Amino acid sequence: MDTRFHLDMTLLIFAAAVATFATRIGGYVLITRMKKIPPRLDAALNAVPAAVLTTLVAPNFYAGGPEVKIAMAFALVVGLRFNVLTMLAAGWVVVMALRHGAGW
Amino acid sequence: MSSSDFRAGLRTGLPIVLSAAPFGALFGAVAVQNGQTWAEAALMSATVYAGASQLVGLELFGHHVQPWLVILSIFAVNFRHILYSAALTKYITHFTPFQKFFAFFVLTDPQFAESVKRGETGHTVSFAWYAGVGLIIYLPWLAVTILGAFLGNLIHDPKVIGLDVLLPIYFLGLVFGFRKRDNFIPVALVAAVGSVLAYRYIGSPWHVSVGALAGVLVAACLPVRETADASEEA
């Protein structure tokens, strides 16, 4: 082992990688063991994208300052008409303008 | 492998790279400050490849928490991927075992959301397309981790250059891509309230699992549309 890798840390990283991969393949392993997917489980799985992605957005909106709230709201309106890159640019411009232009 | 599908995948991945790159660099910078070498930070980005859990892991390494607790915390932060892999399965049944292994290894939040979006708009989620999205996120993630480890002090505060809003806005765009689905409003509403409450009263990163489970449970409890004789399974 050279000084770029320490044994303890490297082992810990590999253990973290295995734990993470287990979550990434776990749902597949469980679902392919079922002969038939019950309708309620299917409905639950269909809700996964909206449910999980919302949890990655809502707390940021809640905890963010007023400039973050305004930028996210503005990006949402832009996103109803334009693509994601435009949305990102719009939100970024608003937050920068409020922070550096308006001094928030 | 269809090269036009591969290129379509690269195009899909582009906005993801732009919004996730600052966090890869942030991870690299924080890693070095928390006692990892640049090579260890790169190894972690290459093998764990899940930004939020990598940052949680660093935080705990820095506090000398027992190793098993670090691993358990990383598992908890990544718990949502169990839901992802279960929900993704029906779109990738045609993959070979090796392709599935690769597919699950690179299964991140945006990879999942874009794949479901493509699958339900009538396209086949081909391996070429999936690999295009995966590679254009994975390789830059690794590169910016290393960059961040070396230039760490330059991005001490991502807020000053407005980087902190990029990822939430990107995810916001993804959420609204699913607004035509059954039960979208109740699911998103409950997940939002659940995650904010958990964020406030339990703390990050548990808000993700708590909010997501709340939203998914609502969908499971609401009336099922197609089948009238939906028998209660649980």
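Colleague: What makes you call Tyr49(B) buried?
Modeller: First, a friendly reminder that this is a predicted model. The cut-off for buried is 20 or more other C-beta atoms within 10 Å. Tyr49(B) has 23, so it is called buried.

Colleague: Where is Tyr49(B) found?
Modeller: Look in chain B at the loop between helix H2 (38–47) and helix H3 (51–62). Tyr49(B) also has a positive phi, of about 55 degrees, although it is not a glycine. Most residues other than glycine have a negative phi.

Colleague: And how do you know that Asn183(B) is buried?
Modeller: Asn183(B) has 22 other C-beta atoms within 10 Å, and the cut-off is 20 or more, so Asn183(B) is buried. You will find Asn183(B) in the loop between H9 and helix H10 (184–201) of chain B. Its phi is positive as well, at about 65 degrees, although Asn183(B) is not a glycine.

Colleague: Which residues make the contact of H3(A) with H7(B)?
Modeller: From H3(A) come Pro49(A), Leu53(A) and Leu56(A), while H7(B) brings Asp109(B), Ala113(B) and Val116(B). By class, that is 5 nonpolar, no polar and 1 charged residues. Asp counts as charged, so Asp109(B) is the charged one here.

Colleague: What describes how those two helices cross?
Modeller: Two packed helices are described by the angle and the distance between their axes. The axes of helix H3 (residues 48–63) of chain A and helix H7 (residues 109–120) of chain B come within 11 Å and cross at roughly 145 degrees. The crossing of H3(A) and H7(B) is left-handed.

Colleague: What is the predictor's confidence in chain B?
Modeller: Chain B averages a pLDDT of 88, and 94% of the residues score at least 70. Among the elements of chain B, H3(B) has the lowest mean pLDDT (84), and helix H6 (residues 97–105) has the highest (97). Over residues 227–234 of chain B the pLDDT is below 50.

Colleague: And which scores does the model have?
Modeller: The model scores ipTM 0.85 and pTM 0.82.

Notes
Residues are numbered from 1 along each chain as its sequence is written. Chains are lettered from A and ligands numbered from 1 in the order in which they are written. This is a predicted model: local features need pLDDT of at least 70, side-chain atom pairs count only at pLDDT 80 or more; totals for chains, interfaces and linings use all residues. Helices (H or I, at least four residues) and strands (E, at least two) are DSSP runs, numbered from the N terminus. A residue is buried if 20 or more other C-beta atoms lie within 10 Å of its own, exposed if 12 or fewer, and partly exposed in between; C-beta atoms are placed from the backbone. Axes are lines fitted to C-alpha atoms, for helices over the stretch in contact, and angles run from 0 to 180 degrees between N-to-C directions. A crossing is left-handed if the near helix is turned anticlockwise from the far one by less than a right angle, and right-handed if clockwise. Two residues are in contact if their C-beta atoms, placed from the backbone, lie within 7 Å. pLDDT is the predictor's confidence in each residue, from 0 to 100.
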